[in-house]
Amino acid sequence: MSLGLLFPGQGSQTVGMGGALASAFAEAARTFEEADEILGFRLSRLAWEGPAEELTQTRNAQPAILAHSVAVWRVLADAIRGASLAAGHSLGEFSAYVCTGTLSFESALRAVRLRGELMYSAGQTRPGTMAAVLGLEDDRVRELCAAASSVDGLCVPANFNSPGQVVISGDPVAVDRAVRMASDAGAKKAVTLNVSGAFHSPLMGPASEGLREALEGLDFRDPRFPVVANVTASAVRSGAEARRLLVRQLTSPVRWSESVRAMSAAGVDRFVELGPGGVLSGLNRRNARGVASVSVGDPAEVEAFTAS
């Protein structure tokens with residue numbers, strides 16, 4: 001059996017995340033204590049008690065999700081020692097690199113805190129938005145984004161989450177046009193999302209440059225086992241490549257469905273999602289049909305996974 005690790009991205013946060021895990025497992029409690037010390041504020045309290053409006057802020061959600069994912073990984077260290085591949089959705093790629101030894105927890109935590117701040121700032125400088133399009137083929141969404149883009153605004157695909165589920169991103173006027181065009185083209189659903197910027201689009205260029213400077217100062221080691229990158233949907237085996245692709249990721253689409261298919265093609269026959277929620281395991285109902293996928297984020301799920 002070949003195990004693949006999946007790490008969730010922003011949007012999976014929820015008040016209470018990690019609290020029960022920290023109460024049940026000393027290793028998880030130490031992980032959140034370490035995060036509090038590194039960042040200089042009570043990230044744990046924010047994750048466990050909220051308020052939701054503050055936890056949802058990009059600069060807070062990203063380190064909170066990473067801390068929860070790393071806490072689960074540390075609790076399950078023995079049970080998942082034989083993992084062969086990993087991947088993380090957007091922010092989750094940083095979690096994957098912590099768990100494969102490419103980045104230290106401290107380096108990744110500081111980086112994603114800054115990443116969130118840079119993404120928010122870029123969204124304030126050039127306001128953008130995102131929208132979910134359901135029920136259209138990937139190529140059709142690409143065509144609609146190109147048709148909706150004009151001198152007054154840009155629209156691009158941002159997340160290829162699963163067949164028939166694509167998120168688009170860009171200037172509000174162009175995204176709104178694409179949403180109308182998608183509805184006219186027969187999309188089951190096309191709706192604008194409540195986000196603070198046009199993530200995974202060229203509008204994140206300033207954030208990308210800031211992240212590049214920050215990552216240049218961090219130690220990137222070669223992963224113990226490969227991480228399938230969002231940008232290329234192919235395996236990363238060197239720290240240098242990991243650093244480069246994490247920078248590109250901010251302005252490039254997340255090729256998630258391709259990444260999961262690549263993991264399956266490489267022999268992964270069981271997936272485990274580490275962290276809050278179960279979004280990625282849910283997507284696997286279409287991305288990896290017939291392959292076992294479970295999410296692990298609380299004590300009951302830890303016990304069920306280790307028992308299996």
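Biologist: What percentage of the 308 residues of the protein chain count as buried?
Modeller: Bear in mind this is a predicted model: local features need pLDDT of at least 70, side-chain atom pairs count only at pLDDT 80 or more, and totals for chains, interfaces and linings use all residues. Residues are numbered from 1 along each chain as its sequence is written, and side-chain values use heavy atoms, with hydrogens and water left out. Buried means under 20% relative accessible area, exposed over 50% and partly exposed in between (1.4 Å probe, protein chains only). On that cut-off, the buried share of the protein chain is 55%.

Biologist: What radius of gyration does the protein chain have?
Modeller: We take that radius over C-alpha atoms, and the globule rule is 2.2 Å times the number of residues to the power 0.38. For 308 residues a compact globule would come out near 19 Å, and the protein chain agrees with its 18 Å.

Biologist: Which residue in S2 is the bridge partner of Leu6?
Modeller: Strands are DSSP runs of E, at least two residues, and helices are runs of H or I, at least four, numbered from the N terminus; two strands pair if DSSP finds at least two bridges between them. S1 (residues 3–7) and S2 run parallel, joined by 4 bridges. Both faces of S2 (residues 85–88) are covered, with Leu85 and Ala87 buried on one side, Ala86 and Gly88 on the other. Leu6 has as its bridge partner Ala87.

Biologist: What is the strand order in the open sheet of 4 strands?
Modeller: S3 (residues 129–134) pairs antiparallel with S6 over 4 bridges, and Ala132 stands opposite Val191 in S6. Pairing in the sheet is antiparallel, and the order is S4-S5-S3-S6.

Biologist: And which are the edge strands?
Modeller: Look for strands that pair on one side only. Those are S4 (155–162) and S6 (189–192).

Biologist: At about what angle does helix H8 run to S4?
Modeller: Axes are lines fitted to C-alpha atoms, for helices over the stretch in contact (heavy atoms within 4.5 Å), and angles run from 0 to 180 degrees between N-to-C directions. H8 (residues 138–148) lies across S3, S4 and S5 (165–170), and its angle to S4 is about 165 degrees.
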